[in-house]
Structure formats: C-alpha cells, structure tokens
Amino acid sequence: MSDLLERLRGRGWRLTAQRRVVAEVLDGDHVHYTADEVHALATERLPEISRATVYNTLGELVSLGEVLEVSTDGRAKRYDPNAHHDHQHLVCSRCGTIRDVHLQGDPLSALPEPERYGFEVSEVTVTYRGLCPTCSGHHA
C-alpha cells in the first residue's frame, strides 16, 4: 500500500483541497493511472477540479520524487505513487495494465561486471511484458 498522503504531510507540502484529492486518487496498491484517469477520478470527489490543476499537481509530485512517471511503449504516461519502495513492472502488451512486482535479490547482480563496460550503474529498471489474465483469457 502506498503511503503517499502520509509522506506529503511529513514533507510539509501544502495540501489544498485539489492537491489532497489528486493524492487520494493516487494513494493505493498497484495504482498506475494516466493523467486523464486521475482527472476523471478526482472530479468524482471534487467536481470543480480542472484538468490543468491535475496535470500541474502530478508534475509537482514527480518533481518532489513522491510519484514516478511510468512510460511504456509510447502509451500515455502513468503515475505510480510507489516511489519509495524498490519494485519493477509487469505490463500487458495488449491493454497496457501495469502491476508492481518485487524481484528476489538485487537486479543489478544479473549484469556481470564485464557487461557494465566501466559504467557506474545507479539505477536498474526491469519491465516484464506479456498478456494479463483478462487479455489472455485466463482469469486469475
């Protein structure tokens, strides 16, 4: 479970009604909404919230490092509140559904020293692709 609201309070980020609603929409496990999805869900809670406010708030959350911007295969960017917990992604090649997955061990250890070509690797991103149960017809 994401602890986004708690983290933002701890940083002293001013939680206006609009910012709170965006954070509440994003707060959760396996949340990877597009900006338009965040806006649609936010308007259910706060009908007057504008699309520009949602986009600006998402941009601020990404700049603060509290939300990750996830891009896959040229699709719309998605926003992931699970920014402080190491995880990778499982992506459906057909519908674009994204799930967080947690690897056993250090993913960097899979890259042998000679294959690093002298790079000091600071980040590893692993994306698994396939068909989700809905798209493959195998419901979990």
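Predicted model: local features only at pLDDT ≥ 70, side-chain atom pairs only at ≥ 80, totals over all residues.
Helix α1 spans residues 4-11. Its buried residues are Leu-4, Leu-5, Arg-7 and Leu-8. Viewed along the axis of α1, these residues fall within an arc of 160°, so they line one face of the helix. An α-helix has 3.6 residues a turn, so positions three or four places apart point the same way. The other side of α1 carries the exposed residues Glu-6 and Gly-10. The buried residues of α1 pack against two helices, α2 and α4. Just after α1 comes Gly-12, with a positive phi of about 75°.

The largest nonpolar core contains 21 residues. Within this core, the residues with the most contacts are Val-22, Leu-26, Val-38, Val-54, Leu-58 and Leu-61. Four helices each supply at least two core residues: α1, α2 (17-26), α3 (35-45) and α4 (51-63). The most comes from α2, which gives five residues. In soluble globular proteins, nonpolar side chains tend to be buried together.

Leu-26 illustrates the packing of this core. Residues up to four places away in sequence are not counted here. Beyond them, Leu-26 touches Leu-4, Val-31, Val-38, Leu-58, Leu-61, Val-67, Tyr-79 and Pro-81. Of these, Val-38, Leu-58 and Leu-61 are themselves among the core residues with the most contacts. Leu-4 is one of the buried residues of α1.

An open sheet of three strands has the order β1-β3-β2, with antiparallel pairing. The edges are formed by β1 (33-34) and β2 (68-70), each of which pairs on one side only. Strands of a sheet pair through backbone hydrogen bonds, either parallel or antiparallel. Strand β3 covers residues 78-80 and joins β2 in the antiparallel sense over three bridges. Across this pair, Val-70 stands opposite Arg-78 in β3.

Thr-34 lies in strand β1. Thr-34 counts as buried because its relative accessible area is 12%, and the cut-off for burial is under 20%. Neighbours within four places in sequence are again left aside. On that basis, Thr-34 is in contact with Ala-76, Lys-77, Arg-78 and Tyr-79.

Another open sheet of three strands runs in the order β5-β4-β6, with mixed pairing. Strands β5 (98-101) and β6 (127-130) stand at its edges. Each has a single partner strand, so one side of each is left without a neighbour in the sheet. Neighbouring strands of this sheet are turned by 25° against each other on average, with direction ignored.

With β5 the pairing is antiparallel, over four bridges. Val-91 has Ile-98 of β5 as its bridge partner, and Gln-88 is bridged to Val-101 of β5. With β6 the pairing is parallel, again over four bridges. Here Leu-90 stands opposite Tyr-128 in β6. Four of the five residues of β4 are buried, so this strand is largely enclosed by the rest of the structure. The hairpin of β4 and β5 has five residues between the strands. In this hairpin, Gly-96 takes a positive phi near 85°.

The cysteines remain to be described. A search of the whole structure finds zero disulfides. Cys-95 is in no disulfide, and its nearest cysteine sulfur, that of Cys-92, is 3.7 Å away. A disulfide requires sulfur atoms within 2.5 Å. Cys-95 is partly exposed, at a relative accessible area of 34%. For Cys-135, the closest cysteine sulfur is in Cys-132. The separation is 3.7 Å, so the two sulfurs are too far apart for a bond. Cys-135 counts as buried, at 19% relative accessibility.

Methods
Residues numbered from 1 in each chain as written. Heavy atoms only, no water. Buried < 20%, exposed > 50% of the residue type's maximum accessible area, 1.4 Å probe, protein only. Pairing = 2+ DSSP bridges. Core = buried A, V, L, I, M, F, W, Y, C linked by side-chain atoms within 4.5 Å. Contact = heavy atoms within 4.5 Å. Arc of directions from axis to C-beta. Axes fitted to C-alpha atoms, helices over the stretch in contact; angles between N-to-C directions.
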